[in-house]
Amino acid sequence: MSTPTIIDVAAVPESVDTVQDAFAAWWDGLGVTDLSHRFALETALVEIAANVVEHTRRSDREDGRRFTIELDADAIEYRAVLVDNGQPADLDLSAVTMPDVEDEGGRGLALSIAALDRLEHRHEGGHNVWTMVCTR
């Protein structure tokens, strides 16, 4: 249905806006009128990109950290694959829960899981690979 769009950015706060703008341009090019899928995929993508940036700034701090995103759609699903070259993320997605209302952070993965039909994470070849899918 679409030609994949590739976004390649540094893991810095300004990149989250770049990702959101590129996503909007890609989605608009699809000509899809169902905004529920757009909202779900965009929410998850921005939350995970922001997590990559935040964890790079807070704990990794190594120069040259980047991530790429491939956006694609076919007759079955809308898909975003984010690949970063940061430290391995040690997490169990099945254990992710929404934090207490009073907590100021920690909602990104829970929101992403709730929004998507599928969220997967794996570490392979020195990269974290996040696959986000909304089924049509």
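Trainee: In which helix do Glu42 and Arg38 lie, and how many residues apart are they?
Mentor: Both are in helix α2, four residues apart, which is about one turn of the helix. The model is a predicted one.

Trainee: Why do residues at such a spacing point the same way?
Mentor: An α-helix has 3.6 residues a turn, so residues three or four places apart point the same way.

Trainee: What makes Glu42 and Arg38 a salt bridge?
Mentor: Their side chains meet with N and O 3.5 Å apart, and the cut-off is 4 Å.

Trainee: Why is Glu42 called buried?
Mentor: Its relative accessibility is 14%, and buried means under 20%. Arg38 has a relative accessible area of 18%, so Arg38 is buried by the same cut-off.

Trainee: Which residue of helix α1 does Arg38 pair with?
Mentor: Arg38 forms a salt bridge with Asp28, with the closest N and O atoms 3.0 Å apart. Arg38 lies in helix α2 and Asp28 in helix α1, so the pair ties together parts that are 10 residues apart in sequence.

Trainee: Is Asp28 buried or exposed?
Mentor: Exposed: Asp28 has 52% relative accessibility, and the label applies over 50%.

Trainee: How do you know that the length of helix α1 agrees with its residue count?
Mentor: Helix α1 covers residues 14-30, which is 17 residues, and at 1.5 Å a residue they should span 24 Å. The end C-alpha atoms are 25 Å apart, which agrees. Just after α1, Gly31 takes a positive phi of about 70°.

Trainee: Which residues of α1 are buried?
Mentor: Among them are Ser15, Val16, Val19 and Phe23.

Trainee: What makes Val53 buried?
Mentor: Val53, in helix α2, has 4% relative accessibility, and the cut-off is under 20%. Leaving aside neighbours within four places in sequence, Val53 is in contact with Ala11, Val12, Pro13, Val16 and Phe67. The C-alpha atoms of Val53 and Ser15 are separated by 8.3 Å, although the two residues are 38 apart along the chain.

Trainee: Why are Glu120 and Arg118 called partly exposed?
Mentor: Glu120 has a relative accessible area of 35% and Arg118 has 32%.

Trainee: What joins Glu120 and Arg118 to other residues in one network?
Mentor: Salt bridges that share partners join Asp72, Asp74, Glu77, Arg79, Arg118 and Glu120. The side chains of Glu120 and Arg118 themselves meet at 2.8 Å, N to O. The structure holds nine salt bridges.

Definitions and conventions
Residues are numbered from 1 along each chain as its sequence is written. This is a predicted model: local features need pLDDT of at least 70, side-chain atom pairs count only at pLDDT 80 or more; totals for chains, interfaces and linings use all residues. Side-chain values use heavy atoms; hydrogens and water are left out. Helices (H or I, at least four residues) and strands (E, at least two) are DSSP runs, numbered from the N terminus. The expected span of a helix is 1.5 Å times one less than its number of residues. Buried means under 20% relative accessible area, exposed over 50%, partly exposed in between (1.4 Å probe, protein chains only). Contact means heavy atoms within 4.5 Å.
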